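I opened the model and went through it one item at a time. My notes follow in the order in which I looked things up.

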Amino acid sequence: MLEKADQVFLLLRDWLVGFLPPGWRSAAGVVLGVIGIIAVFPGLFAITTVLERKGLGRMQNRLGPNRVGPFGILQPIADAIKSLTKEDIVPLNADAVVHFLAPVFLVVVVFMGFAVLPVGRNMVLVNMDSGLLFYFAMGASTEVSIFMAGWSSRNKYSLLGAMRAVAQMISYEVPLLLSSVVIVMMTGSLSLVKIVEAQNQYTWGLPHWYIFTPWGCAAFVMYAVAATAETNRSPFDLPEGESELVAGYFTEYSGFKFALFFLGEYLAMLSISGLGTTLFLGGWSSPLALLNWVPSWIWFFSKVMLSISVLIWVRGTLPRLRQDQLMNFAWKFVLPMTLLNLMVAALWRFLGDGWARWVICSAILLLVYVAAGRVGMRREHFGPRTYRYAE
Amino acid sequence: MLGEGILKGLTETARNFAGSFVSAERLTTVQYPEQRIPTAENARVFPFLVYDGKDWEAGMRCVACQICEKECPPKCIYIEKSKDKKPDFVGKMQIYPAKFDIDVSVCMSCQICVEVCPFEAIKMDTEFELSTTDRFGGLLYDRKQLSRSNEYYHKIHPTEAAEVDARLAEEKAKAEAKAKAAAEAAVAKASAGPSVPAKATAVPAAGPAAPAAKSADAASRPKPAGGGE
């Protein structure tokens with residue numbers, strides 16, 4: 001019975017596909033999987049928007065949306081209707097084709113990333129051997145769409161936002177990759193399914209999640225920072241800093257194209273949380289051996305939503321960084337730490353079993369973290385600002 | 001250590017988040033159309049005309065002296081005097097406004113009309129939900145719409161209204177004492193010299209009221225034409 005609950009979606013798919021002639025079945029199964037992804041993740045997006053607005057409201061001592069439906073839970077529907085019925089304006093000087101393609105491309109690329117995420121036991125659309133590589137290829141493509149949007153709009157704010165976005169995303173792509181490489185080193189596989197399986201083991205009822213190792217924990221922190229920057233979330237929301245750039249690269253978008261950008265952004269957040277869950281938090285495996293009877297997809301989605309809540313919490317807490325702080329943090333702190341983490345992971349591997357590797361690895365990481373924080377992130381004291389005006 | 005401040009900030013927001021569910025001080029939102037907080041006593045929106053008693057027309061304090069009309073900076077008050085007279089709160093015969101219009105779309109809530117009114121007849125209201133679908137007629141209030149009872153005034157500005165009432169009562173007592181003294185003097189005079197009985201009692205009673213009204217009339221009559229522009 002519980003086995004069936006775990007595999008309920010796969011059984012449903014097989015039952016539906018069973019009505020078709022045998023030759024069509026595998027293709028139809030894939031289509032159904034795609035439909036599932038396209039239905040589930042935008043649904044989560046709707047939940048996330050309402051969760052975010054209400055959560056942020058509570059953090060700022062206000063109520064948040066509470067007018068549409070009970071406790072305002074129907075707010076996303078109202079928002080969707082609003083953005084669908086709004087006028088779609090394309091600036092006169094804009095490159096209309098690219099302007100149209102940018103949001104579409106963003107959403108398509110972000111959806112592609114979901115293809116390799118295992119959302120439950122046996123529940124992965126494409127079990128690719130190089131799933132992680134594919135995911136990062138897709139994740140990096142979002143930069144192209146953002147630059148398309150900024151460039152085609154012919155607006156200074158859009159272009160500045162796009163420039164910032166590309167600079168930021170390329171800078172943080174490196175630590176994002178390097179922090180994930182550690183996992184690949186330890187698992188010996190780029191397949192996300194294998195990575196989850198490696199974590200789905202228990203000692204004394206506790207899971208072997210990578211976050212519970214010194215290098216895994218450090219990598220997770222780096223990954224979280226880089227992922228926040230990668231999805232342009234606060235405090236790294238410089239590309240769309242509304243107090244500086246109106247709305248950044250989607251300044252010139254309205255109506256449903258704007259909604260698509262919004263959707264793409266939140267889907268990217270969901271997918272990068274999903275990847276973080278897969279890499280560090282054991283994917284669909286349960287947090288205690290006792291709870292293995294709970295369907296695996298429940299664990300995956302609750303972990304994703306938990307990560308999203310943390311992102312919302314961070315957004316409610318931190319102010320936006322300055323461009324130089326952002327770049328300094330990426331290149332002077334996060335990148336060296338991820339490189340060090342690679343060494344530590346190697347050390348862990350070669351120190352063999354025992355308590356010694358726990359102490360040594362944790363000590364190295366902590367010491368370097370504190371020292372780098374003290375030295376690398378020292379506050380710079382600039383002299384009084386001077387201006388040189390044109391004569 | 002790096003990140004300490006972030007943790008501190010995260011604790012603060014978490015405390016706000018959790019606190020908003022349990023403590024009323026953390027969640028200060030008043031959901032306006034359903035919930036309201038009482039307006040402050042010294043709140044002011046637009047002026048209204050005070051009347052004593054039950055009947056707004058009979059009890060209206062305004063004597064159409066037009067000082068407010070002249071002082072009003074944006075010139076949003078328009079007054080037309082009556083031809084006849086009616087007794088005021090002391091019982092003295094006074095003219096009254098046949099027309100008293102305030103265009104609240106022009107009014108700037110400066111309260112100068114209230115400051116200059118010698119008859120405590122115009123006061124500031126606290127009613128602010130005045131939206132209307134007719135922006136020309138709907139925002140031009142005539143004297144009936146402007147009239148509010150003294151009880152209403154007590155309700156919205158209790159301290160101020162009590163002061164005003166005390167002042168008016170004092171004035172009334174003074175007027176009554178004066179009338180009484182005059183009557184007594186007349187009685188004494190009548191008893192002293194019996195030669196002119198009827199004329200002596202009539203003159204002191206009507207004497208002060210009629211010239212005052214006449215002089216106020218004379219002073220303000222030429223002005224409205226010039227003051228309106």
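**Notebook: chains A and B**

I started with chain B and counted ten helices and six strands in its secondary structure. The model is a predicted one. I then checked burial: buried residues make up 21% of the 229 residues in chain B. Of the contacts in chain B with a separation of 6 or more, 67% are between residues 24 or more positions apart.

**Where the chains touch**

I looked up the contact between the two chains and found 14 residues of chain A against 13 residues of chain B. On the chain A side, helix 3 (25-59), helix 12 (296-317) and helix 14 (356-375) each give two or more residues. I sorted the residues on that side of chain A by class and got seven nonpolar, five polar and two charged.

**Helix 9 and its two partners**

The crossing is left-handed. By class, the contact has twelve nonpolar, two polar and no charged residues.

I then turned to helix 7 (156-187) of chain A. Helix 7 and helix 9 of chain A pack at about 155°, with their axes 8 Å apart. This makes helix 7 of chain A roughly antiparallel to helix 9 of chain A. I recorded a left-handed crossing for this pair. Helix 7 brings, among others, A:Met169, A:Tyr172, A:Glu173 and A:Leu176, while helix 9 brings residues including A:Trp215, A:Met222, A:Tyr223 and A:Glu230. The residues of this contact divide into 13 nonpolar, three polar and two charged.

I followed the chain on to the loop between helix 9 and helix 10 (242-245) of chain A, where A:Pro235 lies. A cis peptide bond joins A:Ser234 and A:Pro235, with omega about 5°.

**Helix 8**

Which residues of helix 8 (residues 192-199) of chain A are buried? I found A:Leu192, A:Val193, A:Ile195, A:Val196 and A:Gln199. Down the helix axis these buried residues fall within an arc of 160°, so they line one face of helix 8 of chain A. They pack against helix 6 (131-152), helix 7, strand 2 (206-207) and helix 11 (255-280) of chain A.

**A:Phe111**

I placed A:Phe111 in helix 5 (residues 96-114) of chain A. Outside four places in sequence, A:Phe111 is in contact with A:Ile37, A:Ile38 and A:Leu267. I also noted 8.9 Å between the C-alpha atoms of A:Phe111 and A:Met138, which are 27 residues apart along the chain.

Buried or exposed: which applies to B:Gln66? B:Gln66 counts as buried, with 22 C-beta neighbours inside 10 Å. I found B:Gln66 in the loop between helix 2 (56-59) and helix 3 (67-71) of chain B. Its phi is positive, about 70°, although B:Gln66 is not a glycine.

B:Ser109 also has a positive phi, near 55°, and is a residue other than glycine. I located B:Ser109 in the loop between strand 3 (93-103) and helix 4 (112-116) of chain B. B:Ser109 is exposed, with 12 other C-beta atoms within 10 Å.

Terms used
Residues numbered from 1 in each chain as written. Chains lettered and ligands numbered in written order. Predicted model: local features only at pLDDT ≥ 70, side-chain atom pairs only at ≥ 80, totals over all residues. Contact = placed C-beta atoms within 7 Å. Helix = DSSP H or I, 4+ residues; strand = E, 2+ residues; numbered from the N terminus. Nonpolar A, V, L, I, M, F, W, Y, C, P; charged D, E, K, R; others polar. Buried ≥ 20, exposed ≤ 12 C-beta atoms within 10 Å, placed from the backbone. Arc of directions from axis to C-beta. Left-handed = near helix turned anticlockwise from the far one by under 90°. Axes fitted to C-alpha atoms, helices over the stretch in contact; angles between N-to-C directions. Parallel < 35°, antiparallel > 145°, perpendicular 65-115°, else oblique.
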